[in-house]
Protein chains: 2
Amino acid sequence: MNRNMKQTPLSELGEFGLIRRLTENIQIKNTSTLKGVGDDAAVLSYPDKKIVVTTDLLTEGIHFNLMYVPLKHLGYKAVVVNLSDVYAMNATPRQITVSIAISSKFSLEAVDELYSGIHLACEKYGVDLIGGDTTSSLTGLTISITAIGEANEEELVYRSGAKVGDLVCVSGDLGGAYMGLQLLERENEVFKVNPNQQPQFEGYDYILERQLKPEARSDFKELMKTLGIQPTSMIDISDGLSSEVLHLCQASKVGCNIYEEKIPLDKQTKEFAEELSINPLVAALNGGEDYELLFTVPIACFEVIKKEFDITIIGHITAESEGANLITTGGSVIPLQAQGWNPLKE
Amino acid sequence: MNRNMKQTPLSELGEFGLIRRLTENIQIKNTSTLKGVGDDAAVLSYPDKKIVVTTDLLTEGIHFNLMYVPLKHLGYKAVVVNLSDVYAMNATPRQITVSIAISSKFSLEAVDELYSGIHLACEKYGVDLIGGDTTSSLTGLTISITAIGEANEEELVYRSGAKVGDLVCVSGDLGGAYMGLQLLERENEVFKVNPNQQPQFEGYDYILERQLKPEARSDFKELMKTLGIQPTSMIDISDGLSSEVLHLCQASKVGCNIYEEKIPLDKQTKEFAEELSINPLVAALNGGEDYELLFTVPIACFEVIKKEFDITIIGHITAESEGANLITTGGSVIPLQAQGWNPLKE
C-alpha cells in the first residue's frame, strides 16, 4: 500500500458502515446463491448436488507477516487456500464467507486493500462472497474464511480411496512457495540492516509469486474429466508433501513408495535452494503452501497420465504394512515423517 | 476450570494430535451430513431444502474476558450465537465448523474445556461439528464458527418482509445479558481489590445465565407453525433492540413505533439495574447479547399472538417516512438510534 495515501480511521465508519462499504458492490455470480450478504444468514440452493464445506483461520505473525506481505496479496491468498481444499474434493467452489478481526491500527484504506484481494480472488474463481463478520481485535489481524462448493456425488474424491498398486501423482511443482518465503525473509533482514537497499528479487519472480500469490488448481477437475480419469484419492498440498502423503495413506489404510528423483521442482526453487545451501527436496517435503494436488489413479491410467505435462507420477501405493517411504536416488528407503508445519510447537 | 488440574502443553500433541483429540468422539446426528471431519472438506446433501449459512468471529478481550468467563461456557455460547442467526431465518441448524487460534499459554485441558462446551451445544441443538481449523495465535484466543441450517423455501423469514400495519414482537425478555455482564464486571473489580472475597451472585442467577449461558430460540419455528403464523420479517437480537429494529426497518423500507412500556424486562434485570442506577430500558435497547428474536406478523394475528406467554407485542410497523421511533411512557416520540455495540470505535 502506498504510505502516502489518505488514512481514514475505522472508527469514522463503525461496524455497520464498514460492512456496507465492503459489501456494496458485490454481484452474485452463481445460481446456487439465492441471498448473499445482508440478513442473519445467506441462503443457498443445491437441489441436485452434494455440498462441500471447508474453513481456515489465518493469524498475523503465524500465517503471515505484514512486514512483507502486501494486504491485497494476503486477501487473495486467504481465499485461494480455502478454494484449494474445495478443489481437493474434486468439487467446484461457489461461495465464501469472510470474517476479519482487526486492531484499530488499521485504516479504512488498509481494509480496502485487503478486500480488493479478496474480491479479485472471488472474481477469478467465480465464487460469491455471501457473508461474514467484521470485528476488532486487541492485537493483530485475523482472517477466517469458509468456502462452499458443489459436486455430483460420483465426482467427489476423498482422501480414503487409494488402493494398492495405484499411481501417486502431483500437479505442478513443489517447494517453490517455501523458497519464496525464504527469499522474503532474507530481504526483510537486509532491509532491517539497511532500509535504503532495494530488495533483490530478480530472477526469482516465480518462487515469489508461489509464496505471495498462489493459485488453486481450478483446472484439475476439468482436466481429469477430459482424460476420462477419476482419481481414487486426493488431498491438497498445504503443509508439505510428507505430511499430505501420510494423511492420504492413513485415511486410505495403505502404504506408499515415493521416489526422490521424481518429485517435481522448478528451476528457480532449485537455484535459490542452492544459493541458501538448502536441499530443495526438504522444501518440497516439508515446506508447505504449494497448493498443488496430491492424488492417486489406477495403474491402468499410466499411459494417459504420463503424457500430461503438468502432472508427475511420483510413486505408487503399497500395502499398509510396508509404510509410507521415500526411496532416495541412491536407493535408500526412508520412512516419511510429518515434519510439516506445526503451529502449536513452542 | 480447576486450577489444580494437570496442565498438558499443546506442543506435546501438535496440530494433528490436537485435531484427533478434539474430533475423535464425534457422532453424526443429521442425515444431511454425509462426511464430517477428516478430509479436505465436509460433504453435505440438501436435495429438498434451502440452505442458510452464517458465521461469527469472537476475539479475546473484545467479545469475552477469560478472567470471568469459564472456557466451557465460552465454547457453548460461541455456538449458540451462531445458531441464533440460523433460527432468525426461521431455519433449523444442522452443521457447524469451528476454528480456533490459541496462544501457547493454553493447555490441552483448557482446550478440552472449551470444546466440552462446544460439544454440549452441538448435543443440545442437534447439530454436527463437521470441520474447522486449529492453529496458534501470538496473543489471545480467537474462535470462528460457521453454522449451516435448512428450511423449506416457504418457511424462510428475511429481514426485509415487514409491511405497514404489521405487529412488532419479541420473544422472551431483554437486557438481562447486559446486566449479567455488569454483574460479572463488578465482581471482577471487587476480586481485583480483595482476591479472598467470594463473588456475590445470589438472587441474580437469571441475568448471570443470560450472559454466561444464553440459549438460542430453537422453539420458535415450531411455535409459529403450531400457531399457524408465518412471520413477515425476523432478526435476532444480538446488538440490542435499537439497532436490530433499525436493521429490520431499513431492510423492509418501513418505519415503526416501539412502546417503551411494552418492552419485556425480567425482574432481576430491573432489580440489578436499580442497584446500579442504570435505566433497564437502556440495557434492553443498547445492551445486546440477548439472542431473542425480533419479528413482525400481520395484524390479523393479534388475537393469537397476544395469548402467547413468551411473546410480547412491542409496537407496530409504520410508513418509512415516519421513521423508527420509541414512544415513551410519557408519550414522547424519540427516534431510535443504533447506539449498540460498535467494536471498531477507538
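**The side of chain A that touches chain B**

In this predicted model, 63 residues of chain A are in contact with 63 residues of chain B, where contact requires that the C-beta atoms of two residues, placed from the backbone, lie within 7 Å. Local features need pLDDT of at least 70 and side-chain atom pairs count only at pLDDT 80 or more, while totals for chains, interfaces and linings use all residues. Residues are numbered from 1 along each chain as its sequence is written, with chains lettered from A and ligands numbered from 1 in the order in which they are written.

Several elements of chain A each supply at least two residues of this side, among them helix H1 (14-23), strand E2 (42-45), strand E3 (50-59) and H2. Such helices (H or I, at least four residues) and strands (E, at least two) are DSSP runs, numbered from the N terminus. The largest share, nine residues, comes from E3(A). By residue class, the side of chain A that touches chain B divides into 30 nonpolar, 22 polar and eleven charged; Ala, Val, Leu, Ile, Met, Phe, Trp, Tyr, Cys and Pro count as nonpolar, Asp, Glu, Lys and Arg as charged, and the others, Gly among them, as polar.
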